[in-house]
Amino acid sequence: MGVSYRCVIVAVGALMSCVAIGAMFSLAIFQEPIASATGWSHVGIASAMTLNFIVMGIGGFLWGAASDRFGPRIVVMIGSVLLGLALVFASRAETLTQFQLTYGMLVGLAASAFFAPMIAATTAWFDENRGLAVSLVSAGMGVAPMTISPFARWLISAYEWRPAMLIIGVAVWVLLLPAALLVRRPPSVAAETDTGFAVDGARPQLSKVFRSPQFIVLGLTFFACCAAHSGPIFHMVNYATICGIAPMAAVSIYSVEGLAGLGGRLLYGSLADRLGVKPVLVAGLLVQAAALATYLLVSELTEFYALAIVFGSAYGGVMPLYAVLAREYFGQRIIGTVLGAATMLSSLGMAFGPLIGGWIFDTFANYSWLFIGSAMVGLGAAAIALAFPPLARQKPQPVFGMAP
């Protein structure tokens, strides 16, 4: 069951991250059709995404702690039921307030049920090549813009936004409920190395963990990284449209970012296993900041594609590295709780981008200040990451799937 089922866990985790994040971020595709059909403001619709991230942050911590206590399967099963239900309810919203509450709160709570539990499950299954394994699970997020987003755009064109969102909600149930049944804990867990947070081999003290320099730097870096890229990601389709790109072509830019993020996750995960997590993370954050500033200079579709490759690979590549750092610093026993807490901080960072970007667009009728501010925050994330304490030296890792 060992090697073969490890592949199943990775595949299930990738599917769940793809569907959950894809369904949540499809609001970027729905934004303009909803605004045109209802007359709701862009900032009002974008605020649903802000609520989404705030609730997702709180939910991520709670779901992560529940996963440590009860196991990941029951958590992702509940999340699967709730995510489909949330999208169905959101498709029936008659007022902006109803939409903000159903999409912002219920979708956020449901989507947060997958990341920390499945990453925790994956790190338990892999002793070797953990960085690459986590990156493969996280790669589902990169696949989402290439699958869920074009599917949402096609559904909107064919049926308008309400039936499109309803169909996506039903598809969530069809895909995720059977997948949740495949989630297993490993048959045995290797002995933990001493991370410095356990007392006489007992469960580590959470108060000590959350006050530690390791967690503070982890949480602040994750927060600033997500605050930097969330606004540009969410408003990219609308920004490209303003630059004269056709709507379907603008969605394809979003898809190219996702494809690049998929490659970036594999590349950065492999490099982290060989070169160390910290230098790879810092380098990725610097690339992300440079790409954000460069968006001020692009206007043609080919330029958008080229920059989307750089930007997507950077922000996609660094995201799994936070989970690897959490596992290495704090051990397997509380990985769900620690990662959930770090994800809560990152979600608060994500919450600022869509709302601020919507306000900037409504105020200035362009996104220049969004990209300038995002680039500066991205540089701040790289500066914070330099303060990470060193990890214990590890032996080189063999090729994925080839460990004895």
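Helices, on which the exercises below rely, are DSSP runs of H or I with at least four residues, numbered from the N terminus. The model is a predicted one, in which local features need pLDDT of at least 70 and side-chain atom pairs count only at pLDDT 80 or more, whereas totals for chains, interfaces and linings use all residues. Residues are numbered from 1 along each chain as its sequence is written, and side-chain values use heavy atoms, with hydrogens and water left out.

**Exercise 1.** Determine which residues of helix α2 are buried, and what phi glycine 39 takes.

Solution. Taking buried as under 20% relative accessible area with a 1.4 Å probe and protein chains only, one finds in α2 (residues 27–38) Leu27, Ala28, Ile29, Phe30, Gln31, Pro33, Ile34 and Ala35. Just after this helix, glycine 39 has a positive phi of about 80 degrees.

**Exercise 2.** Describe how α6 and α14 pack, and which residues make the contact.

Solution. Begin with the geometry: α6 (residues 115–125) and α14 (residues 335–364) have axes 9 Å apart, at an angle of about 140 degrees. Angles under 35 degrees count as roughly parallel, over 145 as roughly antiparallel, 65 to 115 as roughly perpendicular and the rest as oblique, and the two helices are therefore oblique to each other. Next, with contact meaning heavy atoms within 4.5 Å, α6 contributes Phe115, Ala116, Ile119, Ala120 and Thr123, while α14 contributes Ile335, Gly336, Leu339, Gly340 and Thr343.

**Exercise 3.** Locate serine 112 and identify what it touches.

Solution. Serine 112 sits in the loop between α5 (96–111) and α6, and counts as buried because its relative accessibility is 4%. Leaving aside residues up to four places away in sequence, serine 112 touches Met56, Gly59, Gly60 and Trp63.

Notes. Axes fitted to C-alpha atoms, helices over the stretch in contact; angles between N-to-C directions. Buried < 20%, exposed > 50% of the residue type's maximum accessible area, 1.4 Å probe, protein only.
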